[in-house]
Structure formats: structure tokens, C-alpha cells
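Visitor: Hello! I would like to learn how to read a protein model, one feature at a time. Could you walk me through this one?

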Amino acid sequence: MDAITRPGRCTLCEAMCALRVTTSGDRVIDIRGDEDDPLSAGHLCPKALALADLHDDPDRLRTPVRRTGDGWREIGWEEAFDLVAGELAGIGRRHGADAVAVYLGNPVTHSLGAMTHAPAFANLLGTRNRFSASSVDQLPHQVVARLLYGNQWLVPVPDIDRTAYFLVFGANPAVSNGSLMTAPGLPRRIRALLARGGKMVLFDPRRTETARLGGEHHFIRPGTDAALILGLVRVILDEGLARPATYVDGLGEVRRALEPFTPERVEAATGVAPGTVRRVAREFAAAPAAACYGRTGVSTQRFGTLCQWGIQLLNIVTSNLDRPGGTMFARPAVDPIATRQIDPGRQGRWRSRVRGLPEFGGELPVAALAEEISTPGAGQVRGLVTVAGNPVLSTPGGPALDEALAGLDFMVSVDFYVNETTRHAHVILPPTGPLERDHYDLIFHLLAVRDTARYVPAVLPKPPGARHDWEIFRELARRYGIRRGALRAALMLRLRPDRIVDLGLRTGPYRLTLDRLRRLPQGADLGELRPSLPRRLQTPRRRVRTAPPVLLAAARDAVTELLRPPDPGALLLIGRRHLRANNSWMHNSRRLVKGRPRHHLLMHPGDMAARDLGDGDLVTVRSAAGELTVEASASADVMPGTVSLPHGYGHDLPGVRLSVARELPGPSANAVTDPARLDQVSGTAVLNGVPVTVERHP
């Protein structure tokens, strides 16, 4: 059969890399970057090549399966839909709508059909027990965006291609390709920044792959970033370096709240010298264009929301918000903010049953999921729907959740693997793969460093008898019925995703149509980011609110804990990213996992010597929540007092059907994270700065 090359899109991370995919029949022959794409310009990473492995994976489910006493049994789609809808409806009738919980995993945002139809199906169920990967990832960004700018998705992104000073906290964009900053080919962009005479300064407990590109790296004690960031803001305000826009309110209240964060007290907590604090603050304020950015390293810690508040303040007070080369807002062709198609980020409308944790944007912190299942009483979760997620490995206290899932009355997973979480499902409904469905990014265009629009038809045809994810939710909804108050969700479920995209394009700022995009193989290049404030703000009177009472109170409450000097000899655990990994779910690609082991605990040689440990020794890592066993590797790239372990491992649980991943050694880092330790404002899990002990494994 003749080979055909078609445009494609890698949907495995946020970068939106455009591809040229060559196929013959249903086989993928070659995957390359599309050099003509205005955003990715030919960039791709090893994960894109693994799309072929995902397509061919013999472990991937292609028909529904039902768990029986003798193992998994294939069943037809009609039987599966009837069974799932009947079980979910029955639990709702007997115990109330909240007895069914929903968990949406990270890949939902990378699938057009899942984005349009999975949340709508959750709304149809009427449950308040909705969870997602957001509360183990980026929720502090969204909370701060809502409080300062009026909508949780008004997240400014660094204008990396025009900036002169890039200040980075707890992020490794050379590996992540940005993350909440859709910027494919970040290493190339950073090298261009340095080549044009710009500067990059990073604060991180580990000398990351990004730090190795050049610039200036400083160690900082895990979990103390908020002290440093707020200290930088204080210096700028005290030295008269602030030049905020006229639509900015509240900086007087901010300055009073930052009184304790002197450079000297910041040093005692963070290990960063006062002279460095003052110099970086002055350099940032004086730069012709500067952008401050922070990601999971600062979001998933005890004071993650204060970190993100401080980052926004740095950009605001120096007039780098909404400035070319600073941080800017994208203007996407499909704009769910302008059309009010997404929750703006309301908080506290209801609380979790057991711990009383507040919802944000219609979701509860996923750290509460296990207790909501395992704690008896009215409102106990008895049924669960998971979509493209593996919370047993990706959320805090994974072993407790693993145990809780075994006690559910019914669980259904929309997934194409039997993984550590879905092995507990009674039914698994596998959707088509990424190369078998059309795609348009509804979220990541909101976070991109350049405005573009590209609709990508499926590279491969849908196999006979297969179902797209949106078709699965539509069929379940048809059998489940329409709940009172869920008419909008029901209408959404009846529309095809391409119809939804077309409506969004027609009502968007560029008045495009899907037909026009289909005629543009490389999509529409809509240009560099442009200033849009105060018009784009969603706050009353179009003002930036720098001093929300909840953040001022949080800063006051945090002073004692945040500025406390560290205990001598203590160890704090942080995570790390790998270019060849994608959270927990791409370890079944042999091309990605080959090579040297990447699961080891990184530990400073001095800390190893103090514990009489050698490179490669097997060690036990203990926290207040649990323990794990792993090999330790000596590395001067981690700060003394810091140990680093990647998440997403731990594939050796019984019943997991991932033949390649099961060969990988390495424990789940979430065996030692504590679901009781959360960010004080957003409810995000604390996955960095976890106190641990390390000793030789007996």
C-alpha cells in the first residue's frame, strides 16, 4: 500500500507540536516535526515518536472489557453502555447524586472530544464529588488568576521570544516545553534569549536541564520560594522601583503585608543571600522587558498560591504585565473566556463531606478522594468514573486510594489501559487513540506564546467498531437520562466536537470558520501576543486586584512557618521531570524507557556521606505518611538537604497489564506524600518540600 504523509499534532503534552505523519494502511511509518508550523517550527521531542508505539501497543484495549472472577472479559459496546449507565443510575437513586464521583485525568485536556464531552457528562451526573489532576498540578495559577484578573484561565504567559530577562522559579521548561506556557522548542527559545544579550535567572533546589542551558542558577530550600518571591517584591516597592499600570489597585495593602519579608529573614529561610535578593530585584525592575514564571515546583508546595501571587506581583509592579517581552494574555480563535463557556473560578460553593475542603471551579481537591470513598456515612462515594487518569500513582497517599478503590460498589474507566487505577474498574471503555481522531486545542491556545489556530483531521481512520471518547459519553448520557437542571449539559453532549469548534471560531475574535481552517494545513498564524489590558480583564471596572483579602490573610498566616530557619540535617523531598516520561502513562513505550535508569533518588554527596551511603545503595525513604524503597544516586545537582524522586513509577501492582512498564524498577513517589498536607489557599497537594528521612535499606 502506498505511503501517505498527512499533517498531525502531538497531544502528549502542552506544546502543541505540529507533525508530519507518514502512514501505510493502518501503520505509522514515520513521524517528523512540521517545519512550516508557525508555533512549533519543526520541533518535536521523543514523546512524539512514541505516538506510533501507542497506536501499535498490544496492551492497549480496543474493545470494552468487564472484570469478572476469572479476569477481564471482552463485551460489546451496547452491553457495556447499558451496564455502566444502569449501575451509575442505580447508585444515584439509592444514595443520591453525590454517591458517584468523577475523576478527570491530565490527558482529558489533550483530547478535543474529551474536553467537549467529559465535563458535560459529569455535569449530567449532578455530583459535587468532582476531581481532576488540576489539584496536583496548576490550581494555584488558576486561583490567583481568578482573584487578580477575574477568570481562572486568564493566566499570563511569558513573551519568551521578546523578553530580555527571564526569571524562573520551580520550573524546568527545557523538559516540559513550558507548561502553562505553550512554547514548543523552549531550549531553542532560551538560547535565542541568551544570544541576543538577554539573561535567565533560575531559583531551584536542583540544577535542572534548563539551568544547564546557561544563565544564573541559585539553590533555594524546597518549600520556601514564596518567602523569596515576596521578598523580591518588597525590595522593588521599598526602593521606589515600582511602576504599575494605572488600572492596578491595592499595592499599599500589599506592601504592608510584605513587611516581614526582609532580605535577611528571607536568607534564613531560603538560603539565598540578601545581596542576591536585592540584586535580582533591581535587575528585574530595570530590564527593558522582563518575565517571571514558575510552575509545578512552586505550585505543588505548602505555599503554592502565595508563590503564584508573588510571581504575578513581580510582573505587575514592574509594568511587565501586558507588555511585549513581559507576560501577556493570548487571544485565541476559540475564546471560552469571552463566550463564558468555562467556569470563571468560583470557590467555596460547597465543601467535601469528610474534611470540609472547599471546591474551586466546580472541583474538590483530589487529596480528599480516598477519604470520601472509605469513610462511611451519608454521602459516601460508592461509584466512580475515571477518565484518562491514574490517580493511584499521581495523587498524594496513593496506597490509601488504591485500597479505597477496591471497596467501591461500581467503577467505570474511560481509558485504553489496565493500569494501577483502572485495574479496580468493573468496566473499562477504551476510546480511539490520538492518531485516530480529529483535534483542536481548546485550552492550550489560551496559554500559547503566539496566537495560532489549527484544526487537525485524524491521521488514521477510526477502526471498525471503535468509539471516540465523545461518542462514549454521548451514548452513556442517552441511556442515563437528563437530570433536572442539566439541560445545557445534555445539549452539549448531543453536539459533535467539530460543530462546537466551528461555533467557537465563528463567535471568536477573528471570526474564522472550521471550513477555512480545514483549507489551511499549517493552520492560521494570528501573530505575536498583543497588549489587551484593561479590556481583557474580567474584574469589576476592569481593574487588576493585587490585594485580595484571602491572599493578604494567607501571607500573614504564613509568616511564622514560611520564615522559620530549617532544621539542621533535615531532608526535603522534591520531584523532577524527564523528557522521555509523561507522568505515569507513557512508560509502556520501549523507545521512551530505554537507556539508563531514571527512577533513582538523587541525593547530594555530602548527605550520602553523613548517612554512610554509597552511590547505587538501596535506601528506605520515610515520611509521616509512608515509606518506599529505591536506589540512591549521588548528585551535586541537588542542594544539600534535598532529595529528588520522579513521580509516575510503581507499575508492579498486581493485575496491571502494561508489559513494558512492569519491567521498570522504581516506586511511586506518592507513597510518601500526605493527602493531609495541602496548599493553604487552593487545596493543591504538597508534592514538593516533603520532610523525609533516608537510611540504608536493611
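Visitor: Which residues line the second largest cavity?

Guide: Before that, a word on the source: this is a predicted model, in which local features need pLDDT of at least 70, side-chain atom pairs count only at pLDDT 80 or more, and totals for chains, interfaces and linings use all residues. Residues are numbered from 1 along each chain as its sequence is written, and side-chain values use heavy atoms, with hydrogens and water left out. On a 1 Å grid over the protein atoms alone, a cavity is a set of points where a 1.4 Å probe fits but cannot get out; a pocket is an open set with protein on both sides within 12 Å along at least five of seven lines; lining residues have an atom within 4 Å of a point. Here the lining of the second largest cavity is H141, V155, P156, P158, L180, C292, Y293, G294, Q308, I311, Q312 and T327. Two or more of these residues come from each of β13 (290–294) and α13 (304–317).

Visitor: What volume does this cavity have, and of what classes is its lining?

Guide: A volume is the space filled by probe spheres set on the grid points, which are joined across faces, edges and corners. For the second largest cavity that is about 80 Å³. As for classes, Ala, Val, Leu, Ile, Met, Phe, Trp, Tyr, Cys and Pro count as nonpolar, Asp, Glu, Lys and Arg as charged, and the others, Gly among them, as polar. The cavity lining has 7 nonpolar, 5 polar and no charged residues. The structure holds 9 cavities of 30 Å³ or more.

Visitor: And which residues are closest to the centre of the second largest pocket?

Guide: That pocket has a volume of about 570 Å³. Of its 23 lining residues, P222, R564, P566, D567 and L572 are the closest to its centre. Its lining divides into 11 nonpolar, 6 polar and 6 charged residues.

Visitor: How should I read two packed helices?

Guide: Two packed helices are described by the angle between their axes and the distance between the axes. Helices (H or I, at least four residues) and strands (E, at least two) are DSSP runs, numbered from the N terminus. Axes are lines fitted to C-alpha atoms, for helices over the stretch in contact, and angles run from 0 to 180 degrees between N-to-C directions. Angles under 35 degrees count as roughly parallel, over 145 as roughly antiparallel, 65 to 115 as roughly perpendicular and the rest as oblique. In this model α4 (112–125) and α17 (469–480) pack at about 20°, with their axes 8 Å apart, so they are roughly parallel to each other. The axes of α5 (139–149) and α13 come within 8 Å and cross at roughly 50°, so α5 and α13 are oblique to each other.

Visitor: In what order do the strands of the open sheet run?

Guide: Strands of a sheet pair through backbone hydrogen bonds, either parallel or antiparallel. Two strands pair if DSSP finds at least two bridges between them. The open sheet has 7 strands in the order β5-β4-β19-β18-β17-β6-β7, with mixed pairing. Its edge strands, β5 (71–74) and β7 (130–132), each pair on one side only. Inside this sheet, β4 (65–68) and β19 (427–429) pair in the antiparallel sense over 2 bridges, and R66 has V427 as its bridge partner.

Visitor: Which strands close into a barrel?

Guide: There are 6, in the order β23-β27-β24-β26-β25-β28, and the pairing is mixed. Strands β24 (601–603) and β27 (642–644) run antiparallel, joined by 2 bridges, with S644 as the bridge partner of L602.
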